[in-house]
Amino acid sequence: LVGQDADGNERASSDEGPACGFVFKTIADPFSGQLNMVRVISGTISSESTLKNMRTEESERLGTLLYLDGKTQTPCKDVLGPGAIIAVGKLKNTRTGDTLSDDKAPFAVAMPQLAPQLITFALAPKEKGDEDKVYAAVQKLLDEDVTLKLSRDEESGEMLDILFATRVYDLGFIFNWGGSGDIINNMYKKKQTDIVSQWESI
């Protein structure tokens with residue numbers, strides 16, 4: 001992971017330095033809500049820590065720290081140093097790619113460059129009026145997987161949500177995922193994977 005402080009300096013991975021963690025994954029847990037997976041970059045963190053989100057510039061109190069072992073969640077009461085990976089629950093406005101840093105020694109990790117989305121998949125609601133409920137489920141998938149992108153096709157005139165992915169495998173995985181994926185399966189009718197706008201000469 002590469003990052004810089006306000007003066008453009010990199011930071012050594014030491015437990016004696018200012019606290020800093022990188023959010024590399026977001027999980028939409030049906031029982032615990034949103035969980036952010038954080039890797040400690042420097043310094044130490046605990047459930048009493050309050051760090052600044054370098055993207056939003058808002059303070060986040062870590063509060064609920066959890067060790068994850070499959071579906072088993074164990075509360076963490078330890079002080080964690082560099083290299084530790086922990087799940088943090090109930091953060092207000094933190095997502096994948098964010099850096100949480102000591103407010104007095106700000107430091108931001110650069111978000112890795114993502115491959116462009118190459119595959120499209122059109123979605124339409126099975127039942128009228130279900131759009132908002134399913135949109136919320138899709139939004140959770142977007143929080144979990146930053147390689148996905150959602151857009152609305154304005155050219156076709158159809159009320160279709162277009163889901164963009166980097167690989168066909170990603171789409172098949174999503175619709176058989178469980179959780180948010182099950183909601184989409186149950187409430188959306190999936191359409192063709194190739195979306196082509198039709199134009200006519202007049």
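View 1. Where pLDDT is low, the predicted coordinates should not be read in detail.

**View 2. Eight strands side by side in an open sheet.** The chain has three helices and 14 strands. Eight of the strands line up in the order S5-S4-S9-S2-S3-S8-S6-S7, and their pairing is antiparallel. Strand S5 (59-61) and strand S7 (72-75) are the edge strands, as each pairs on one side only. From one strand to the next, the twist averages 40°. Strands of a sheet pair through backbone hydrogen bonds, either parallel or antiparallel. Among contacts between residues at least 6 apart in sequence, 67% join residues at least 24 apart.

**View 3. A helix across two strands of the sheet.** Here you can find helix H1 (residues 131-144) lying across strand S2 (20-29) and strand S3 (33-42). Helix H1 runs at about 150° to S2.

View 4. Strands S6 and S7 pair in the antiparallel sense over four bridges. Follow Tyr67 across to S7 and you reach its bridge partner, Thr74. Two residues sit between the strands of this hairpin, where Gly70 takes a positive phi near 65°. Strand S6 (residues 64-69) also pairs with S8, again in the antiparallel sense, over three bridges. In that pairing, Leu65 stands opposite Val88 in S8.

**View 5. Strand S4 meets strand S9.** Two bridges join strand S4 (residues 50-53) and strand S9 (residues 99-101), which are antiparallel. Asn53 has Leu100 in S9 as its bridge partner.

**View 6. Glu48 and Arg61 in a salt bridge.** Side chains of opposite charge can pair when their charged atoms come close. The model has three salt bridges in total. In one of them, the side chains of Glu48 and Arg61 meet at 3.2 Å, N to O. Glu48 lies in the loop between S3 and S4 and Arg61 lies in strand S5, so the pair ties together parts that are 13 residues apart in sequence. Is Glu48 buried or exposed? With a relative accessible area of 58%, Glu48 is exposed, while Arg61, at 47%, counts as partly exposed.

**View 7. Asp103 and Lys52 in a salt bridge.** The closest N and O atoms of Asp103 and Lys52 are 3.8 Å apart. Because Asp103 lies in the loop between S9 and strand S10 (107-109) and Lys52 in strand S4, this pair ties together parts that are 51 residues apart in sequence.

**View 8. Asp98 and Arg55 in a salt bridge.** How far apart are the closest N and O atoms of Asp98 and Arg55? They are 2.7 Å apart. Asp98 counts as buried, at 3% relative accessibility, whereas Arg55 counts as partly exposed, at 36%.

Definitions and conventions. Residues are numbered from 1 along each chain as its sequence is written. This is a predicted model: local features need pLDDT of at least 70, side-chain atom pairs count only at pLDDT 80 or more; totals for chains, interfaces and linings use all residues. Side-chain values use heavy atoms; hydrogens and water are left out. Two strands pair if DSSP finds at least two bridges between them. Axes are lines fitted to C-alpha atoms, for helices over the stretch in contact, and angles run from 0 to 180 degrees between N-to-C directions. Contact means heavy atoms within 4.5 Å. A salt bridge is a side-chain nitrogen of Lys or Arg within 4 Å of a carboxyl oxygen of Asp or Glu. Buried means under 20% relative accessible area, exposed over 50%, partly exposed in between (1.4 Å probe, protein chains only).
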